[in-house]
Amino acid sequence: MTVVIPVLNEADTVMRTVESLQDQTYHPVEIVLVDDGSTDGTPEVCTQVQKRFPNVRFFRNVEREGKSPTLNLGARYARGEVFVFVDSDTTFDRDAIAHMVGHLRDPQVGCVAGNVRVRNPRVNLLTELQNLEYGFAIAVGRRIRAAMGTLPIVSGAFGAFRREVFEAVGGYDPGPGNDSDLTAKFRKLGYRVSFAPEAICMTNVPTRLGALFRQRRRWARNLAKNRLFKHGDVFSPFRAVWRPENAVSSADSVFFHVVLAMTSIVYLIDMILHYPTILPWVILGNYVLYLLAEVFEATVMIGFSERPGVDARGLAYLPLFNLYKRLLKFARVSGYLEEILSKGSYRDPFAPFKVRSRMDRW
C-alpha cells in the first residue's frame, strides 16, 4: 500500500503529515511525496523527510503542473496495489488507514472515502460552523449515501483506490474537481464506493469568509461540470455506462445541491417582490422548521461520533447554522451559474494555465 502526497508550498505542514502516517497501526506503508514546483522551502523539507524516514521517497516537478498530474506522477512511482491519496496538511487517527483498507477486502469496492473532520474548529465562529457542517455532511451524510450505494465522491484529502482500477480509468484527468471525477469513473466501471467512518482525517478549514466563498464556488463549479456535463451520460439508459445506482447518485447531487439551491433563491426574490408583508413570517417559520431538523440531525451525528464531546460543543452554534447555510447558498449558486453559462472551471487557477488550455471541454 502506498500513500501519495502532493505538495505545493507546504513547508510548515508536510513533516507533521508524514509523522502522523508513521504512527499508523497498518504496516508496511510506503509514502511517495511529490512536490509540484513549490516556491518556498518545501523541497528542502521533503528532502529532510526522505532522509529521516526510510519508507519515504521524494520526487519533484521543477515547474508547477497542477494537482492531477502530480498525483498521477506519484501513482506512477508507487509500488503498492492500493493508493491512498492524502493532502499535505492533514493528520490521521492511528488506525485510520487500517480501517480504510479493511473495506477493500470486498472485491466489489473500488475506492473508499475517509471521514474528514475539522482540526481547527475553535479559531472563530466560521470554523465552528464548518465543523458542524462537516459532521452533518460527511460523518452522517456520507454514511447514509454509502449504505444506499449512491456515495458520489471520495475526498481528495483522504481516500483509497485500487491500483488496477485507477490505471484502467487512466488516473486523474487534468483540472479541478479531480476527486469527484475519478470517483465517477470508478462507479461507471461498476465498482462500489465505500465510506469508512472510523478512518478519521483531520484538516484545517478556511478561517475567513472570502476564502470560504472562493472554496465553495470552486466546489460548485466542479459539481456542475462533472454531474451535468462530463458524466451526464449516467442519466441515459441507452448508454453502456448506465446503472440505476449511478443515475440516482448523480440525480441526488444535482437535485439537492443545484436545483434546490437555485429554486430557493428564485423563491426568495419572488417573495420580496410580491409578498413583502408576509415575508418575515415565512422566514421565521422556515427558520424554526430547519432548526428542529438540525437538532435531530445533530443528535444523530453525536450518536455516531467518535468525538462526541467535540461535536456536542457544536450544539451551541445550531441557532446560527441556518444563516450560515443561506450565506453559502449564494456562493454555490454563483458557482453553478458560472459553470453552466460560461464553463468557469476551465479558468480556475487551481490548475496552471498550460494545463487549463489543454483540458477537454464538456
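This is a predicted model: local features need pLDDT of at least 70, side-chain atom pairs count only at pLDDT 80 or more; totals for chains, interfaces and linings use all residues.
**Charged pairs and a nonpolar patch**

Arginine 145 is partly exposed, with a relative accessible area of 24%. Side chains of opposite charge can pair when their charged atoms come close.

**Arginine 145 and aspartate 252**

- Arginine 145 forms a salt bridge with aspartate 252, and their closest N and O atoms are 3.0 Å apart.
- Arginine 145 belongs to helix 5 and aspartate 252 to helix 9 (residues 244-274), so this pair ties together parts of the chain that are 107 residues apart in sequence.
- Aspartate 252 has a relative accessible area of 17%; it counts as buried because the limit for that class is under 20%.

**Glutamate 128 and arginine 313**

- A salt bridge joins glutamate 128 to arginine 313, with 3.1 Å between the closest N and O atoms.
- Distant parts of the chain are linked by this pair: glutamate 128 is in helix 5 (residues 125-148) and arginine 313 is in helix 11 (residues 308-313), 185 residues apart.
- Glutamate 128 is buried, at a relative accessible area of 4%, whereas arginine 313 is partly exposed, at 30%.

**Glutamate 30 and arginine 57**

- Glutamate 30 pairs with arginine 57 in a salt bridge whose closest N and O atoms are 2.8 Å apart.
- Glutamate 30 lies in strand 2 (residues 30-36) and arginine 57 in strand 3 (residues 56-61), so the pair ties together parts that are 27 residues apart in sequence.
- Glutamate 30 is buried, with a relative accessible area of 12%.
- Arginine 57 is also buried, and its relative accessible area is 18%.

**A salt-bridge network**

- Salt bridges link Asp93, Arg117, Glu306, Arg307 and Asp311 in a network.

**The nonpolar surface patch**

- Helix 9 gives the most to the patch, contributing four residues.

Key. Residues are numbered from 1 along each chain as its sequence is written. Side-chain values use heavy atoms; hydrogens and water are left out. A salt bridge is a side-chain nitrogen of Lys or Arg within 4 Å of a carboxyl oxygen of Asp or Glu. Helices (H or I, at least four residues) and strands (E, at least two) are DSSP runs, numbered from the N terminus. Buried means under 20% relative accessible area, exposed over 50%, partly exposed in between (1.4 Å probe, protein chains only).
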